[in-house]
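Reader: Could you walk me through this structure, starting with how the chains relate and then turning to what lies inside them?

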Number of protein chains: 2
Amino acid sequence: MYLCRLKKCQRLLTIYVAMERTEISTMGEFGLIRHLTRDMKAVCRSTQKGVGDDAAVLSFGNKRTLVTTDLLLEGIHFNLEYVPLKHLGYKAAVVNFSDIYAMNGTPTQITVALGISKRFSVEQIDELYSGIRLACERYGVDIVGGDTCSSLTGLTISITCIGEAADKDIVYRNGAKLNDLICVSGNLGSAYLGLQLLERERIVLKTNANATPQFEGKEYLLERQLKPEARRDIVEALRKAGIHPTAMMDVSDGLSSELMHICSQSGVGCAIYEDKIPIDYQAAVLAEEMNLNIVTCALNGGEDYELLFTCSIGDYEKLIPLDDVYIIGHITKQEYGTCLIGRNGEELQLKAQGWQAFEK
Amino acid sequence: MYLCRLKKCQRLLTIYVAMERTEISTMGEFGLIRHLTRDMKAVCRSTQKGVGDDAAVLSFGNKRTLVTTDLLLEGIHFNLEYVPLKHLGYKAAVVNFSDIYAMNGTPTQITVALGISKRFSVEQIDELYSGIRLACERYGVDIVGGDTCSSLTGLTISITCIGEAADKDIVYRNGAKLNDLICVSGNLGSAYLGLQLLERERIVLKTNANATPQFEGKEYLLERQLKPEARRDIVEALRKAGIHPTAMMDVSDGLSSELMHICSQSGVGCAIYEDKIPIDYQAAVLAEEMNLNIVTCALNGGEDYELLFTCSIGDYEKLIPLDDVYIIGHITKQEYGTCLIGRNGEELQLKAQGWQAFEK
């Protein structure tokens with residue numbers, strides 16, 4: 001029988017007996033998730049795919065139900081010194097939609113759980129919620145439930161998104177095949193640079209309250225950081241063009257990290273070309289200004305919410321006419337590793353430096 | 001267009017302009033939820049029932065999909081000074097299952113999002129997760145996804161539970177009819193008294209580290225607080241007996257509060273009898289010892305996770321043989337209010353003093 005056979009309850013208050021102690025930072029976020037979900041076997045008939053993709057896949061009827069969840073914590077994922085609450089709500093919803101699109105599905109419902117400290121007024125929570133509602137309106141999603149409670153410190157936002165897809169349409173991370181093309185939408189690194197910009201101006205303002213933030217000519221970067229959109233348009237364009245990606249995910253942690261997920265889950269390697277990675281002009285200028293390597297920003301910055309996908313080389317002709325889709329490399333044998341080919345032809349192994357949630 | 005037309009971005013860092021400020025405590029949890037979700041209209045065909053019941057009801061196939069979510073925050077919902085992590089994980093999962101059973105459904109999957117501060121080691125998170133997994137094993141539920149991130153302070157647990165039910169089986173809160181019987185399972189107030197006991201002993205230990213916690217003869221109350229179970233057995237027994245409740249919910253905030261939900265959503269009133277409310281012997285003894293009114297504990301204590309339901313008076317004969325189900329009153333006309341009839345026949349209007357998440 002479970003736990004506390006209550007004869008032993010006297011011991012309840014003497015908690016945390018000498019236990020081995022492994023710091024979570026030694027595992028990293030993905031390591032911890034793998035560790036916690038090891039040996040997990042599905043028991044429900046309706047569970048088609050559990051942990052390990054952008055969303056879980058459930059099968060309740062003819063169509064498949066997709067489920068994904070995200071937790072956002074103040075001070076970790078957002079800083080209210082420069083993130084307006086309405087933007088925050090919008091982004092919190094959209095990043096979940098992005099996970100559903102990354103499965104080639106359509107988001108349909110969300111639940112919203114909020115932990116709110118006394119610092120916040122009803123009007124502020126209204127602002128936050130109005131952003132969530134606006135995102136839902138724009139993407140045709142319903143808010144169907146939630147939970148609201150007080151918190152001791154800061155704001156906690158937990159959103160779970162439900163979506164749907166026909167079984168045959170769902171794209172997992174594990175379907176990339178040798179010689180497939182690797183593509184991304186939009187451009188990479190802009191959201192990260194938007195964050196650097198906001199941080200820089202925050203520090204300037206701290207030392208000189210009369211300073212005017214220097215955002216001119218960099219508005220696009222702020223928009224990418226503060227108000228990202230999910231690439232529904234790309235998913236629709238691929239469908240229209242008759243392209244069925246072999247693997248797909250959204251770029252939330254960074255291109256390197258996501259490529260490594262696809263390669264390890266598909267049992268393949270990859271080669272991407274530095275000069276093919278799409279980069280926005282404003283991002284390149286700011287990186288120069290801030291003495292950052294723009295390619296590193298694009299590879300490891302994260303929060304771009306662009307789609308990364310692979311497709312058969314036979315789809316090449318169909319890909320070319322698509323707006324805002326870029327071929328950046330191809331799938332190789334696993335032995336080749338996950339490789340970046342530099343402007344001068346040099347080969348570098350990619351590292352997943354993505355956003356390390358548990359870094360010390 | 002939405003938000004920050006970025007010309008105005010210079011203003012981004014000058015946040016929180018003079019805004020009206022309404023304290024959330026003036027609304028309470030339910031008031032806030034009603035406020036935030038006002039005028040919400042479903043746009044997805046698959047949304048059958050949104051906010052306002054124990055779970056949302058979605059329709060993706062022949063069967064219905066149920067969704068519910070709960071957010072647990074350290075210092076608000078649990079105190080790790082006396083809640084072992086494995087118990088906490090078990091309870092966090094079970095309270096979600098309880099919401100699905102309260103719809104007369106079967107929980108099938110959960111997602112688990114954890115926010116973890118540096119204070120916690122991998123071994124501790126393992127403990128927590130082992131409780132979640134054990135609950136899942138016992139109730140036949142799969143963990144299909146989640147999110148794990150660091151938090152600045154304390155532990156955050158957000159669980160979303162998916163369940164299924166045939167459309168005709170689902171029981172909402174709004175179906176109670178005039179003259180229906182009002183029933184509860186198990187007993188009420190025990191979980192609350194378990195909490196009072198733990199709090200009392202915590203304070204004793206604080207002032208005298210050598211004291212031995214006085215739990216003898218009160219183990220059941222601790223179990224009710226630390227390791228509640230969802231009443232799957234009752235849902236199954238009702239089905240077997242051929243009883244289809246007209247309204248149902250689980251008792252998480254307290255009997256008064258839940259009765260008022262059922263009555264207001266069904267457009268009816270109720271009369272319950274003080275001497276019919278099932279109370280455990282240990283709970284009664286401890287209430288006496290601590291100078292608490294046991295009926296108040298039963299009405300407003302919360303966290304019992306028993307089922308409260310109404311059913312047709314025609315089901316009376318089928319109800320009687322059921323184990324651990326008690327008839328406590330009946331549904332009246334709305335004008336009658338939600339009424340408690342005392343031991344001497346006096347009538348009191350119930351107040352929802354349930355767990356007020358936003359009390360000052």
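Author: In β11(B), Cys270(B) has Ile331(B) as its bridge partner. This is a predicted model, in which local features need pLDDT of at least 70, side-chain atom pairs count only at pLDDT 80 or more, and totals for chains, interfaces and linings use all residues. Residues are numbered from 1 along each chain as its sequence is written, while chains are lettered from A and ligands numbered from 1 in the order in which they are written.

Reader: Which residue of β11(B) is the bridge partner of Ile182(B)?

Author: Strands are DSSP runs of E with at least two residues, and helices are runs of H or I with at least four, numbered from the N terminus; two strands pair if DSSP finds at least two bridges between them. Strand β7 (residues 181-185) of chain B runs antiparallel to strand β11 (residues 325-332) of chain B, and 5 bridges join them. In β11(B), the partner of Ile182(B) is Gly329(B).

Reader: In chain A, which C-alpha is nearest the axis?

Author: Chain A superposes on chain B by a rotation of 180° with 0.0 Å of shift along its axis (RMSD 0.0 Å), fitted by least squares on the C-alpha atoms of residues with pLDDT of at least 70 in both. The two copies are thus related as by a two-fold rotation axis. In chain A, the C-alpha nearest that axis, 2.0 Å from it, is that of Gly61(A).
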